[in-house]
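Subject: Structure handover

Hello,

Here is the structure for your files. My notes on strands, aromatic rings and charges follow below it.

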Amino acid sequence: MHCFTYKKSELYAENVPVRKIADTVGTPVYIYSEKTLLMHLTSYQQAFDGYPSTICYALKANSNPAVLRLLAKNGCGADVVSGGELYLAKKAGIPSEKIVYAGVGKTEDEIAAALKARILMFNVESSDELKAIDRVAGKLNVKAPIALRVNPDIDPKTHPYISTGLKNSKFGIPIENALEYYRLAKKLRNVEVLGIHKHIGSQITSINPFVDALKRVILLARNLREQGIEIKNLDIGGGLGITYRDEAPPLPGDLSGAVMPLLEEGGFNLIVEPGRSIAGNAGICVTRVLYLKRNPEREFVIVDAGMNDLLRPSLYEAFHDIRPVLKNNRKKVLSDIVGPICESGDFIARERMINRAVQGDLLAVMSAGAYGFTMSSNYNSRPRAAEVLVRGSDFFVVKERESYKDLIRGTKLPAHLK
Ligand code: LLP
């Protein structure tokens, strides 16, 4: 579901012609649709309505402050994984009691900041971290609310780089050792055990892995209760996939439909941490064709967005649909759409049948709203792209394109090099 559609032969973001944004703001540019973002958030809120629950949007998918503010204003919480994300979540006005904090490498400073902010809970990933949280909470004279992130050893059947719930993963603690960890947590004076957390992976396109993992987690919650350890918050993580090509992933309603029956005896506060399924199809990356190049084997379409702007194709061989901003009737040719970066792995799409491109064409890289801008970099000293938010017939630059000056911000020349 999204609001990037053709009117006649021209691609629109809601009611704004994409070409107009590209001509005004330049390319590459990320364009987000407010309506699509809200549609996705609402579908989660409605799916879990009637059950005590908090939707904690995973900031790592897209942490543009305007996007966060929009979600915050509409009742969304946050899943953060760093002090930086905590800062952004707070700045956007997300209430602390709706913020959970995961990640295997929280520093003591980050832990202290989260304790001072009085977040809902830490999703703890190791016993060392548990002890660090206890230590920092002791110094601040507060009790740290925690859940342990358990690893249910379920194969989410997704790309290995984004599956996190298998035994060989660095995330969480093995579910079979969970009791020991909870006993340790119980003994720590400055820690309050509140919940269980699991997140098995991302871009998951069937419901079964969620159900299998949750069953294991509920069994654990039951065992813990028998041992006198009460579990209030059940955090089932994120991971629902989106349609990049022809996938038909479950929707939030399918997830709640499968999950709710398992929770009947629970009395839990449920936490869900969607990222991609909120932001992914709410954004596109628009790029302009710079040059065409033909060699005996291939037709190369060289565009002004590179792997520094959108890393997913290079890193995961991820598929993003490529659409012309202005439809045309040119012949279809097998093309590689590549960026300007000096790496063979710098491509946006390979071996695609697209209408023959010509210099100056605008192409839309679809489904780029999640893990697009947030994974971008300055590699090859390229200023990062601009970001635009569309609302109906209006559009707003919500992050300016970086300048060359931004490339040297914070750098210093030692005296002998001046
Ligand atoms: N909760 C935790 C603890 C996570 O680690 C993640 C994502 C999420 C929630 C949100 O998952 P989602 O609903 O977005 O699937 N860069 C990769 C995706 C990495 C996901 C990392 N963790 C990509 O571009 O596909």
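Three strands form an open sheet in the order 1-2-3, with antiparallel pairing. Strand 1 (4–7) and strand 3 (16–17) are at the edges and have a single partner strand each, so one side of each is left without a neighbour in the sheet. Strands here are DSSP runs of E with at least two residues, numbered from the N terminus, and two of them pair if DSSP finds at least two bridges between them. Strand 2 (residues 10–13) is joined to strand 3 by two bridges; Y12 has P17 as its bridge partner there.

The model is predicted: local features need pLDDT of at least 70, side-chain atom pairs count only at pLDDT 80 or more, and totals for chains, interfaces and linings use all residues. Residues are numbered from 1 along each chain as its sequence is written, and side-chain values use heavy atoms, with hydrogens and water left out.

Strand 14 (residues 283–294) runs antiparallel to strand 4 (residues 29–33), with four bridges; V29 is opposite V286. Four bridges also join strand 14 to strand 19 (residues 362–365), again antiparallel, and T287 has L363 as its partner. With strand 15 (residues 299–303), strand 14 has five antiparallel bridges. These two strands form a hairpin with four residues between them, and R294 is bridged to E299.

R245 is over F319, 3.9 Å from the ring centre, and R350 is over F347 at 3.9 Å.

Regards

Key. A charge sits over a ring if NZ of Lys or CZ of Arg is within 6 Å of the ring centre and within 35 degrees of the ring normal.
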